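Subject: Structure handover

Hello,

Here is the structure for you to look over. My notes on it follow below.

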Amino acid sequence: MKIRLNPTIATMLLCTTVLVVMPKPANAFIGEAAVVAAISGLQKFTGNALSSMTKTLTSQITSSMESLSNPNSVSSMLNKGFTQLSNYEKAGVAAEQRIADASNTAMAEFARRQQDTTIRDEHMMNPEFCTGIDGAQATQGASQSARTATRAIATITDSRGEADAGTPSYYGKGQGVASSMALHGRRYCSQEDVTAGLCSALSRLPNADQRAISLFGQDTLSADGGVDAANDYSTTLIQPVAPAALRGEQLTSTSGREAALRRRAYNARMSLSRYVMNFITSLEIPSINLTDVQKTEMQAEGMTVSDQASWLTSMSLEVNRRVSGVTWNKNLQQMPPATVMRELAIEQAQANYLALQTYRLGLFQSSLAATQVAQHEEESEAKRLAPIPSPNVNPGG
């Protein structure tokens, strides 16, 4: 704001300045008292004018600063500015609230969809589960068939070892030896046998009745002679010839009764030994239809694909499929956690199943060990005891 002075005041200030600055003439008509009086009057007048002017300026500045009714006042402009800033802050808070609400809504929708996906994955059946169930059912079916085969083989071998009627040793050990040699010449004639004149032509499976490969060479025994070769190998290994049967007075006399007791003990030991071999043989008999997945695994392992297989082959395929199978391992990488846990449960069930089979074989081994101990102690006791003489009884005394 520009301050404008009164023209009269300006003229007086100029004259006073000239009088003060102008040099005093030597013969001046005006005295010093007059000059002093003029200066005093001028100072008084100037002070009053400056005071009035200061009050006016102060009033105008205060009015300009504080008046809200004046649109050009500082207070009014500051008020408008603060009001605008406040509006901006309110708008910003409202916008942030809308953004937060939208974000919360979107996150809630995402969480709900994620939960739906988790529920779907938790309850959706994986194709690998169905494949595993099919393989387990095939294995279990083969196990039942193996038990049936074990009982069927045991019925034949026990009757042969006891020399029942209709078996080779019923009429004597010589007949048993002749029957065994005839069977060897008919099924397992070797070149040495042909040279010795025991048989006329070389067999398809020479000496298979005395080779362990007949039993352990493959997990599934072939139906065209493989099962017979494994069973005949067990017979050669355990009891190639059964002793002659005890008949007539051999059973009724005093010495015959003791012989009968020893024969029953012998038959029991032979039956236990043959049962263990029969159990092993039955696990390799083709008794169950394989699934398509198991056939694929057989092809991947370089085996000859067949429609039927044994319990041992079925179980081996299920184990190997999870160890080196590309399909199962690929599906495992894509399984959700819930499906992986189900697969682990199936694996644990298979482990328990195999542990049960191992436990059953442990029972067989313990029985064989107990039999060996008992037989050894019986032989040792017979050597230590001297025979007791039979007393002579006088009928007339």
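The largest pocket holds about 630 Å³ of space. (On a 1 Å grid over the protein atoms alone, a pocket is an open set of points where a 1.4 Å probe fits, with protein on both sides within 12 Å along at least five of seven lines; lining residues have an atom within 4 Å of a point.) This is a predicted model: local features need pLDDT of at least 70, side-chain atom pairs count only at pLDDT 80 or more, and totals for chains, interfaces and linings use all residues. Residues are numbered from 1 along each chain as its sequence is written, and side-chain values use heavy atoms, with hydrogens and water left out.

Helices α4 (127–161), α5 (173–187) and α8 (226–238) each give two or more residues to the lining. (Helices are DSSP runs of H or I, at least four residues, numbered from the N terminus.) The largest share, eight residues, comes from α5.

Now a helix pair. The axes of α12 (residues 311–324) and α13 (residues 326–334) come within 6 Å and cross at roughly 55°. (Axes are lines fitted to C-alpha atoms over the stretch in contact, and angles run from 0 to 180 degrees between N-to-C directions.) The two helices are therefore oblique to each other, the class left over once angles under 35, over 145 and from 65 to 115 degrees are taken out. In α12, Arg321, Arg322, Val323 and Ser324 meet Val326, Trp328 and Asn329 of α13, with contact meaning heavy atoms within 4.5 Å.

Best wishes

Conventions:
Points joined across faces, edges and corners; volume = space filled by probe spheres on them.
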